[in-house]
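Look over the structure first, then read on.

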Amino acid sequence: MTHVAIIGAYGSAGVAVAQSLADEAVDLTLVDDGEPGGGLCILRGCMPSKEVLSAAAHRFQARHDDRLSGVPEVNLDRVVETKDVHISNFAKHRREAVHRLAKRENVEFIHDTATLLGDRVVEVGDRTIEPDYLVIATGSTVNVPDIEGIDEVDFWTSDDVLDTPSLPDSGIVMGFGVIGLELAPYLSECGVSVTVIEHDARPLDDAPAEYGDWILDLYRNQFDIEILTHTHEQSVEQTAEGVRLTVERDGEEEIIEADDLFVFTGRRPNVDGLGLENTSLTVERGWVSETMQAVEDERTYVVGDANDKEPLLHVAKEQGFKAAENILADRAGEPVEAYENYRHLVVFSGLGVYPYARVGHTEKSAREAGFDPITVTREASSDGVFKTKNHPEGTASLVCARDGTVLGYQGLHYHADVMAKTMQVVVANEMDVRTLPDRAYHPTTPEILDGLFRAAKDDL
């Protein structure tokens, strides 16, 4: 039978491949050295981060509501303790799912470190295996920027923040992408005086400009975060009092000092120590094709964060499913297919009270794709439901083709993450906005969608 080895079998992408192939005529070798194991998203990613954000969100909403008296404090000891209990249970569930697969005749699980000795030649413990197909699903690790002095500074990463029961009084945040957008308000709500470095005019690069501007206003005014735009790090040094960061801001050199430095500058493929130098594979932009095959070895598939494409949990799973389909197709002598991802993501900005959600196209990306789109917007303050929930701020947009096909949705408002689930169905099925109901399309916050649908119908 065809032999497939999966390195990183505890992760979301690796599990997706394994579960897809387990019922096929395939011998599976699953390898993972995780201790205790459970995958990046469960142990260090979206699940623990949402655990800690939720506690700070309760504090923010309490102090944001003038109908309430007193502001609670975030008990970091309890936050970390509760997070650890929940994450331990989630990770155990993931490990048990993998171990159940390993009880099948055609599946073996090896709890050890894998090292590549050549293309699809894998050393695991005292064994060497040479599978017909290899899947690399090793996730990602913290990306540390290459600036002068960074190696001499005791900086914090997102991993550290998730585990700490004690935070400094002040901090400089480098990195204002997804991680920074989610953790900067958390630090602030926990009592840290936060200064954020933003290279561009605004965050949320792929969003319409007004969304990034709204984030700046929200973070500055409601979370008391100082955000320095058009600012670039030059060097950093440890001082007796903390850290000193030298930056270039609008062409001028400035010095910023704080107790500690927080490095939230994204993640990179976790392939250090895997032995890629012994293979034909080179990790660089474009090293993995849209079929999930490594360019230099088409029988090696790289899925999830490890391929450096789009580090999102649901994308990792979808890539895993596509890799499994393509392995079976290639084995049968049939053409493989590219993974086609219509953009859908949620950033839990504003502690998840004001999440940013995108499904499908923005107006800009729709034009780049050859459409002549119609875009309608609606302010959350127009809808009574947001006022009754004490969060009337925010905005949403709907992008449609001239034939009525819904191309995309963006929202930055209370419950935008929930709305995105509805819009995934609408966009993925290329629904015509003219056929969508006018009322109560979504039970949680129907008005904003109703308003967008009506406005789009009026414009068509």
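Which residues in H1 meet which residues in H8? Ser12, Ala13, Ala16, Val17, Ser20 and Leu21 in H1 meet Leu313, Ala316, Lys317, Gly320, Phe321, Ala323, Ala324, Ile327 and Leu328 in H8; contact means heavy atoms within 4.5 Å. This is a predicted model: local features need pLDDT of at least 70, side-chain atom pairs count only at pLDDT 80 or more, and totals for chains, interfaces and linings use all residues. Residues are numbered from 1 along each chain as its sequence is written, and side-chain values use heavy atoms, leaving out hydrogens and water.

**Thr29**
- Thr29 lies in strand E2 (residues 26-31); strands are DSSP runs of E, at least two residues, and helices are runs of H or I, at least four, numbered from the N terminus.
- Thr29 is buried because its relative accessibility is 4%; buried means under 20% relative accessible area, exposed over 50%, partly exposed in between (1.4 Å probe, protein chains only).
- Thr29 touches residues including His3, Val4 and Ile129, not counting those up to four places away in sequence.

**Aromatic pairs**
- Rings of Phe, Tyr and Trp (its six-membered ring) pair if their centres lie within 6.5 Å; planes under 30 degrees apart count as stacked, over 60 as edge-to-face and the rest as tilted.
- The count comes to ten aromatic pairs by this rule.
- Tyr133 and Tyr301 have ring centres 6.4 Å apart and planes at 55°, so this pair is tilted.
- Tyr133 is buried at 2% relative accessibility, and Tyr301 is buried at 0%.
- Phe262 and Phe264 form a tilted pair, 5.9 Å centre to centre with 45° between the planes.
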